[in-house]
Amino acid sequence: ALSQIATVADTRVDGVSAEEYLRQSIINPTAYLVEGFDDLMLKTFADTISESQFNDLIAFLLSLE
């Protein structure tokens with residue numbers, strides 16, 4: 001569920017904002033791999049959408065508090 005992803009992302013890594021965490025997690029899905037979860041994410045997702053679409057996605061995810 002993504003219902004509180006912005007809130008959760010803001011608490012995952014000390015010194016890393018929710019926006020930075022989400023961006024990095026999409027660009028490099030193994031950057032913050034949560035223990036107990038497998039590495040299943042596509043590594044090329046950020047390359048398949050435009051920069052504008054990527055920014056819109058981040059803005060949408062940040063609205064889910």
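The legends below describe close-up views of a predicted model, in which local features need pLDDT of at least 70, side-chain atom pairs count only at pLDDT 80 or more, and totals for chains, interfaces and linings use all residues. Residues are numbered from 1 along each chain as its sequence is written, and side-chain values use heavy atoms, with hydrogens and water left out.

**View A. The buried face of helix α2.** Helix α2 covers residues 18-27, where helices are DSSP runs (H or I, at least four residues) numbered from the N terminus. Ala18, Tyr21, Leu22 and Ile26 of α2 are buried, a term that means under 20% relative accessible area, with exposed being over 50% and partly exposed in between (1.4 Å probe, protein chains only). Seen down the axis of α2, these buried residues fall within an arc of 120°, so they line one face of the helix; the arc is that of the directions from the helix axis to the C-beta atoms. An α-helix has 3.6 residues a turn, so residues three or four places apart point the same way. Among the elements that cover the buried residues of α2 are α1 (5-12), α3 (45-48) and α4 (51-62), contact being heavy atoms within 4.5 Å.

**View B. The crossing of α1 and α2.** The axes of these two helices come within 7 Å and cross at roughly 95°; axes are lines fitted to C-alpha atoms, for helices over the stretch in contact, and angles run from 0 to 180 degrees between N-to-C directions. The helices α1 and α2 are therefore roughly perpendicular to each other, a class that takes in angles of 65 to 115 degrees, whereas those under 35 count as roughly parallel, those over 145 as roughly antiparallel and the rest as oblique. On the α1 side the contact is made by Ile5, Ala6, Ala9, Asp10 and Arg12, and on the α2 side by Ala18, Tyr21 and Leu22. By class, this contact has six nonpolar, no polar and two charged residues (Ala, Val, Leu, Ile, Met, Phe, Trp, Tyr, Cys and Pro count as nonpolar, Asp, Glu, Lys and Arg as charged, and the others, Gly among them, as polar).

**View C. Helix α4 and its buried side.** The twelve residues of α4 should span 16 Å at 1.5 Å a residue, which agrees with the 16 Å between its end C-alpha atoms; the expected span is 1.5 Å times one less than the number of residues. The buried residues of α4 are Phe54, Ile58 and Leu61. They cover an arc of only 65° around the axis, which puts them on the same side of α4. What covers them includes α1, α2 and α3.

View D. Gln24 is found in helix α2 and, at 30% relative accessibility, counts as partly exposed. Leaving aside neighbours within four places in sequence, Gln24 is in contact with Pro29, Ala31 and Tyr32. Lys43, placed in the loop between α2 and α3, is also partly exposed, at 43% relative accessibility. With neighbours within four places in sequence again left aside, Lys43 is in contact with Ile27, Pro29 and Thr30. The C-alpha atoms of Lys43 and Pro29 are 6.5 Å apart in space, although the two residues are 14 residues apart in sequence.
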